[in-house]
Amino acid sequence: MKYDELDGPVGKGIAGVMDAGAGYCDARYYAEDGSETLVMYDGNLESNSSSFESGLGVRVLYGGAWGFAATSRGSDVAQAFDKALANAKTAAMLVSVPLDMGVRPGVKGSYSSPVQKDPFDVPLQEKLGFLASMDERLKADFVQRRVVFLYLQRMRNRFWNSEGSIIDRNLVNCFANAIIMAQDSDGQMQRRSKSLHTTGTGTRGWEMVTDPDLWSGRFEGMKEELSQLLSAPELAFGRRSVILLPGQGHLQVHETIGHPLELDRILGYELSFAGGSFVTLDSFGKLRYGSDKLSVSAYGSIENSPGTFGFDDEGTPERDYLLIDKGLLVNCLTSRAMISEANQAAGRRVFESSGGASRSTAFHKAPIDRMTNVNVLPGGDGTLEDIVATTEDGVILDNPTSWSIGSNREHFHFGCEIAWEVKGGKVTRVLKNPTYRGHTLDFYSKLSAVGDRSTWVVEQVPNCGKGEPNQVMEIGHGVPVMRFDDVIAGEER
Amino acid sequence: MLDETTRDAILRVRDEAADKGIDAFFVMHREKSHLMRIGNNSVSLNTSVDLTRLDVEVIDGRREGSYTVMGDITGPESVRSALDAAVEKASLSAPKDYDPISPAVQGNAEEMLQYDEALEEMDSRDKAVVYREIIEGSGKGLNHSGSWSSGSTEVLLACTGNGNLAWRIGTDQQFSCVLKHPKEKWELASFQTGWRAGDVKAGATLAAFDRLLPVYEKPGFRVEPGEYTVIFGSQALAEIVGMALGTGFGGRGYEEGMNWTCGSGVGDRILSEKVTLVDDPDDNDTFRFGFDMAGMTRSRFPLVERGVMKSLLYDLATAARYGRRPTPHHGSVSVVMAPGDGPECPLEAVKKMGRVLFIPALHYTHIPNRSKGIFTGSSRFSAVLVEDGEMVRPIFSSRITDTFQNVLGNIAALAPWRASVNGSSTYGRRMPEAASVPGYMVSTGVRISDCAESF
Ligand SMILES: [Zn+2]
């Protein structure tokens, strides 16, 4: 259906539920929510699939409680509003903390991801030819497994709300990953991988996938590193410095800064699934989250990231602001209803306005508080080489193989693909099976070096899970090289 | 319930495709899903969706393509356009270096063994009433959260290779309630599962909380890293068993040297003699599918018998590539672990074992080293310290980092009864899955690698 054909029925639906006593209503129609997954495994195209969704999702706030309903049938617009209102009325039966959206003026606007070449306009054969050429470049005598993965998304939707907002968005995401594997001298499978990253500026269409600087330029290095892993000793248990490259640092930030700073987690709305947060409403403006080298932004005005989308799913424009300022916790990731509740609960104005972080993964899911881009700002400690030169005893770590985080994000355990030992300011050898663990606040208090802009890239996360019904979201993280001291790395047995 | 328009449209297009010599496989998936979420003693979301998806997979020699569309099947045209898209994708695809195995519906099926219309049409007000009873009946001043997902899943499978049609409709529900102390942040949880309206009872959750609340009035205990005897509850046990199967029994990982079982083979003893595992689609404590999503007929399938590995699981692609027979494990499986001969009550089982940790559920488990079978995850809900068979104090968030071989190899006791553990997620399409495992497992020498200073 065309947007214009829906303006009337949707406007009527919104007016109807507001007349029935709702406090707020919004609707999202997805004309297209398409994806394409191509996976080449040892040169065989093992996945060649596309999907297409289209439909309307309606959210109604009534009596301080949310009701939601969705339909993929264009003829069911009125029923979707009725169902969402009925669901909200039922929800209002059990309310101890009424939710409130506050009052905001309507917004009219549009946003399109910057794209030179839409990946869905690239012929399939061209994409497959490109994948085959990437696969060819991963080959080497000792490489036993090769995986080249491409996941493309295109979404076109219109948003309306009861404040008169109308916003159109056209979003494009390109994710790519390459993995090579081989068995080491102990018969254990080792791997190296590289995901497509962005520089933070420029466009994010097919041209990004084919830019060697963002992905395939690393393939030769990956092969060299894998060959070294095959005869490398295992990282021994002990305390030492860990230097996280962005391939690992972005997940550290995602799990132990991004998630604990989602306001719905802080307020206790994720307890039955993802968990809570060690952060409380009293923490803002008081809690030392890390050393004064730690400054973290939300959104960060990054041009080309999956966490850049113009307006969130409540119609709030994306906003660039600091979450952590020189180690001090100052803000978090917020939506409208959550800041209203937090300010009431705290009895003071902790948050000024929504952080534009209310996001939904599909027309048939209700928006929740999500990360946008959660970024560590570049520091003044130079290049990776400069940081290594000032490290007495440590390891450089890259790319996660496992991640397990405490339910309030207070502690964590990560496994990585590779470690490079650093002794006396020099890289000495490669070590396999590295793991490290820590307690979040203690860990960030020992952040002792932050790389400059030359070390900073935007890593793309295509698969952050949260919410019930569960939602997978796309997120970006701009991160530099970071060094943490006195960290437990390796396993005791 | 499947309408004739949908069925006729799929069959008509299937026959047209067969006439043209197209090798196509059709899966229609329809869900009616409802979910109520509770946060801060309130309903935080009440949502319902009715979604239909159609997957079409086409194999063209060694080329393959698939297309999924969400939307109503209003007639043959909707099916035809999805088929055309899959045909085009297959025709443009790159050929594999092996012959793919075409999915095929192995037999006709019409199943509604676990279908309850009352649950499919359940009024969400009934859910609010149950949660209200729990909130009012437990933990004054505490914070209740939870979610209650319920609905129906209907699938119809057809292929051009034969005239068979496999259809199933079933209902399922998954209930949770979490009780949290607003300051201390400890959490108790209660989970319930089933496929009938009325399977979820407020009283069961209230009783579970009542048992633990007195223990949680005591201060939290920080567990020093080291080796402990641990009572795993059924939630934790189902998670460990599921991960052990996923990383040890997948044919792809085994053929390619990734699994922790790679040093062994079928017929070798790999776990404790107390461990017997089957995939049993006839077990009513799991969600029963008589066929899998590749059309293969399912029946009782032994995985581990008294610690001995009995079989590996092969999907169509892996079987084709490595010249093996595919096994019917595409979609929901029914893992059933045989009960043991321990006492009814887990506390009785550890009465003479001194200091023991009771960890009912694990949070955020992952696999740092698949080759070695190492997993890691932390305690969360309702975890307590037990001394001489008495629950004495709640424990702070504690991390287990150990191997499947150790935890499922050194079993001191297994419950003589089984519990159904719902393992469904709501990320993608509705596809209920549950395991039936002993109510508890006592393992010795379990490695606690870290512990927080808080819950
Ligand atoms: Zn995440």
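Modeller: This is a predicted model.

Biologist: Where does helix 5 of chain B bend, and by how much?

Modeller: The bend falls at Asp210(B) and is about 25 degrees. A proline, Pro214(B), follows within four residues.

Biologist: How do you know that the span of helix 5 of chain B agrees with what it should be?

Modeller: Helix 5 of chain B has 15 residues, 202-216. The expected span is 1.5 Å times one less than the number of residues. That gives 21 Å, and the end C-alpha atoms are 21 Å apart, so the two agree.

Biologist: Which residues of helix 5 of chain B are called buried?

Modeller: Buried means under 20% relative accessible area. The residues that qualify include Ala202(B), Thr205(B), Leu206(B), Phe209(B), Leu213(B) and Tyr216(B). An α-helix has 3.6 residues a turn, so residues three or four places apart point the same way.

Biologist: What covers the buried residues of helix 5 of chain B?

Modeller: Among the covering elements of chain B are helix 4 (124-137), strand 6 (165-180) and strand 7 (187-194). Strand 16 (384-387) and strand 17 (390-394) are also included.

Biologist: Why is Tyr364(B) called partly exposed?

Modeller: Its relative accessible area is 23%. Buried needs under 20% and exposed needs over 50%, so a value in between is partly exposed. Tyr364(B) sits in strand 14 (residues 362-369) of chain B. Its phi is positive, about 55 degrees, although it is not a glycine.

Biologist: What is the phi of Asn41(B)?

Modeller: Near 60 degrees, a positive value in a residue other than glycine. Asn41(B) lies in the loop between strand 1 (23-39) and strand 2 (42-60) of chain B.

Biologist: Now chain A. What makes Arg169(A) and Asp313(A) a salt bridge?

Modeller: Their closest N and O atoms are 3.1 Å apart. The cut-off is 4 Å, between a side-chain nitrogen of Lys or Arg and a carboxyl oxygen of Asp or Glu, so the pair counts.

Biologist: How many salt bridges cross the interface of domain 1 and domain 2 of chain A?

Modeller: The rule finds eight. In contact are 61 residues of domain 1 and 45 residues of domain 2 of chain A. The two domains bury about 4200 Å² between them, 50% of it on carbon and sulfur atoms.

Definitions and conventions
Residues numbered from 1 in each chain as written. Chains lettered and ligands numbered in written order. Predicted model: local features only at pLDDT ≥ 70, side-chain atom pairs only at ≥ 80, totals over all residues. Heavy atoms only, no water. Helix = DSSP H or I, 4+ residues; strand = E, 2+ residues; numbered from the N terminus. Bend = angle between axes of the 7 residues up to and from the residue. Buried < 20%, exposed > 50% of the residue type's maximum accessible area, 1.4 Å probe, protein only. Contact = heavy atoms within 4.5 Å. Buried area = accessible area lost by both parts, 1.4 Å probe.
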